[in-house]
Amino acid sequence: VLIKKITKNWLAPGVIFSAFWFLYTFFPLIFVFSAPINYLSILYIYICVVFFSLSSFVFNWKKALQANKLKLKIPIPYNTRLLYLAFYTCQVLALVFIPFNLSAQGFSFSDYLTNLFVISNEYLANKYSGNLNANIFKILSTILNYTGTSIGGLLFLNSKNKLKILSFSFFPSLLFMIAYTDKGTLFLALFLFYAGILVTRIYSNNLVLVTKKTILIIAILTTIIIIPATISSFISRGLYDLDSNAMIETLTSYFYSYAFAHIYAFSDWFTAYFSLGSSLNTYSHPNDFSYGFYTFMSIFKALGSNIVVPDGIFDEYYNFNDFLKTNIYSMFRGLLLDFGFLGTLFFMITFGFIWNAIFYSLLTSKKPSFSVAAFFIMIGWFYTSYIISIFIWNSMFGLLLILTVILHFNHNKKLL
């Protein structure tokens with residue numbers, strides 16, 4: 001609320017990041033209040049959020065908002081033939097590359113049609129055992145899907161056929177979830193789509209984070225897409241052999257673990273790492289800082305790093321009463337391993353300034369391309385911060401590049 005008063009809008013990075021981490025801490029503490037928590041870990045996260053928001057005081061937000069109002073005088077640039085062409089092309093190609101990836105893994109579509117849960121469970125087992133074959137089709141499919149979904153968010157509010165845009169935006173992600181038991185792609189796609197809606201609102205000088213229509217759309221998506229697809233993904237992990245009572249009990253444990261366990265896992269690790277008391281689990285602690293590896297893993301690997309990490313990044317699983325089980329420790333574990341206690345605070349100040357500068361550029365520029373594309377990455381960074389740093393995936397850099405190029409050409413009316 002304080003940062004909103006300073007920036008005079010609800011879409012400033014400090015406002016959104018604070019809102020995310022309020023939700024990421026408040027709801028777990030309410031719904032799983034019996035699990036042990038170290039209040040110092042929550043305090044540290046709060047301090048990090050404050051440090052992230054400090055650079056909000058640096059920028060002239062009144063000037064930025066006045067500049068943004070000038071966009072009302074020009075036609076909205078997110079309802080063009082080029083964007084529609086890019087949207088459908090990205091999503092169709094993302095779908096086409098799925099069977100190519102399955103073929104590279106030794107599966108076929110016919111396998112999935114005849115025995116979906118068994119085959120998808122085999123795919124998952126190969127993934128966690130490191131037996132999946134890396135191939136260009138999976139990478140391209142992921143990047144194009146994220147790009148198409150982002151553009152879908154830009155098109156949605158001004159489209160005459162919103163149902164069609166909504167369907168094409170999430171169909172590839174749903175197939176990812178069903179075929180690969182990959183929930184992360186769908187949830188990240190949802191936030192990228194919503195980032196597109198926010199950008200469109202910015203052009204309309206409507207700088208609100210949530211509206212009544214937003215709540216309605218979220219409720220509809222949750223009911224008809226998220227809950228059924230998530231349950232299907234959980235069942236494919238071997239639950240199809242359980243009786244109904246055991247399945248419900250396991251599904252409940254899975255839901256609570258994926259939605260709420262991150263804060264308890266981080267707290268337990270934080271307690272052990274700083275020797276603040278006894279922890280439920282034991283953890284390995286490297287002697288030296290990793291200098292950004294866990295935060296920018298994709299860059300390190302691109303530069304030739306040979307450090308091997310498990311598919312889930314951390315191989316220690318937090319376990320509370322066999323009910324909360326997770327290896328998700330939030331972005332803050334990686335930051336502390338990379339930069340230490342004070343270094344993490346410096347990182348938060350620096351990245352807070354970077355995201356604020358990008359948002360400031362989005363508001364003040366007449367034809368923003370890079371800043372709009374970066375805004376999508378920022379929203380994704382906020383969302384995935386409860387899991388890990390979004391920059392461990394090279395797909396985000398691919399999304400940033402492709403989306404910047406598309407938006408740049410979209411502003412060139414000769415190509416529309």
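How close do the axes of helix 14 and helix 15 come, and at roughly what angle do they cross? The two axes come within 11 Å and cross at roughly 145°.

## Basis of the report

This is a predicted model, in which local features need pLDDT of at least 70 and side-chain atom pairs count only at pLDDT 80 or more, while totals for chains, interfaces and linings use all residues. Residues are numbered from 1 along each chain as its sequence is written, and side-chain values use heavy atoms, with hydrogens and water left out.

Helices are DSSP runs of H or I with at least four residues, numbered from the N terminus. Axes are lines fitted to C-alpha atoms, for helices over the stretch in contact, and the angles run from 0 to 180 degrees between N-to-C directions.

## Helix 14 against helix 15

Helix 14 spans residues 330–364, and helix 15 spans residues 370–384. Their crossing is left-handed (the near helix is turned anticlockwise from the far one by less than a right angle; clockwise would be right-handed). From helix 14, the residues that meet helix 15 are Met331, Phe347, Phe351, Trp355, Ile358, Phe359, Ser361 and Leu362. On the helix 15 side they are Ser371, Val372, Ala374, Phe375, Ile377, Met378 and Trp381. Contact here means heavy atoms within 4.5 Å.

Ser371 of helix 15 counts as buried because its relative accessibility is 5% (buried is under 20% relative accessible area, exposed over 50%, partly exposed in between, with a 1.4 Å probe and protein chains only). Setting aside neighbours within four places in sequence, Ser371 is in contact with Ile358, Ser361 and Leu362.

Ser330 lies in helix 14 and is buried, with a relative accessible area of 1%. Ser330 has a positive phi of about 75°, although it is not a glycine. Most residues other than glycine have a negative phi.

## Two further helix pairs

Two packed helices are described by the angle between their axes and the distance between the axes. Helix 10 (residues 183–203) packs on helix 15 at an angle of about 135°, with the axes 9 Å apart. The two are therefore oblique to each other (under 35 degrees counts as roughly parallel, over 145 as roughly antiparallel, 65 to 115 as roughly perpendicular, and the rest as oblique). Their crossing is right-handed. Helix 10 makes the contact through Phe187, Leu188, Phe191, Leu192, Ala195, Gly196, Leu198, Val199 and Ile202. Helix 15 contributes Val372, Phe375, Phe376, Ile379, Gly380, Tyr383 and Thr384.

Helix 5 and helix 16 (residues 395–410) pack at about 155°, with their axes 9 Å apart. That angle makes helix 5 roughly antiparallel to helix 16. This crossing is right-handed. Leu82, Leu83 and Ala86 of helix 5 make the contact with Ile406, Leu407, Phe409 and Asn410 of helix 16.

## Nonpolar cores

A nonpolar core is a set of buried Ala, Val, Leu, Ile, Met, Phe, Trp, Tyr and Cys residues joined through side-chain atoms within 4.5 Å. The largest has 110 residues, of which Phe17, Phe332, Phe375 and Trp381 touch the most other members. Helix 14 gives the most to this core, with 15 residues. A second, separate core of nine residues includes Ile98, Phe107, Tyr112 and Tyr123.

Not counting residues up to four places away in sequence, Phe17 touches Val49, Phe52, Met331, Phe332, Met348, Trp381, Phe382 and Ser385.

Asn68 is in helix 4 (residues 61–69) and counts as buried, at 0% relative accessibility. Its side chain makes a polar contact with the side chain of Asn205, at 3.2 Å (a pair of N or O atoms within 3.5 Å; within protein, one must be able to donate a hydrogen and the other to accept it, and residues adjacent in sequence count only if both atoms are side-chain atoms). Beyond four places in sequence, Asn68 is in contact with Ile202, Asn205, Leu207 and Leu363. Asn205 sits in the loop between helix 10 and helix 11 (212–235) and is partly exposed, with a relative accessible area of 25%. Phi of Asn205 is near 60°, a positive value in a residue other than glycine.

Tyr78 is found in the loop between helix 4 and helix 5 (81–104) and counts as buried, at 0% relative accessibility. Tyr78 and Val199 are 121 residues apart in sequence, and their C-alpha atoms are 9.4 Å apart in space. Apart from residues up to four places away in sequence, Tyr78 touches residues including Leu83, Val199, Val372, Leu407 and Asn410.
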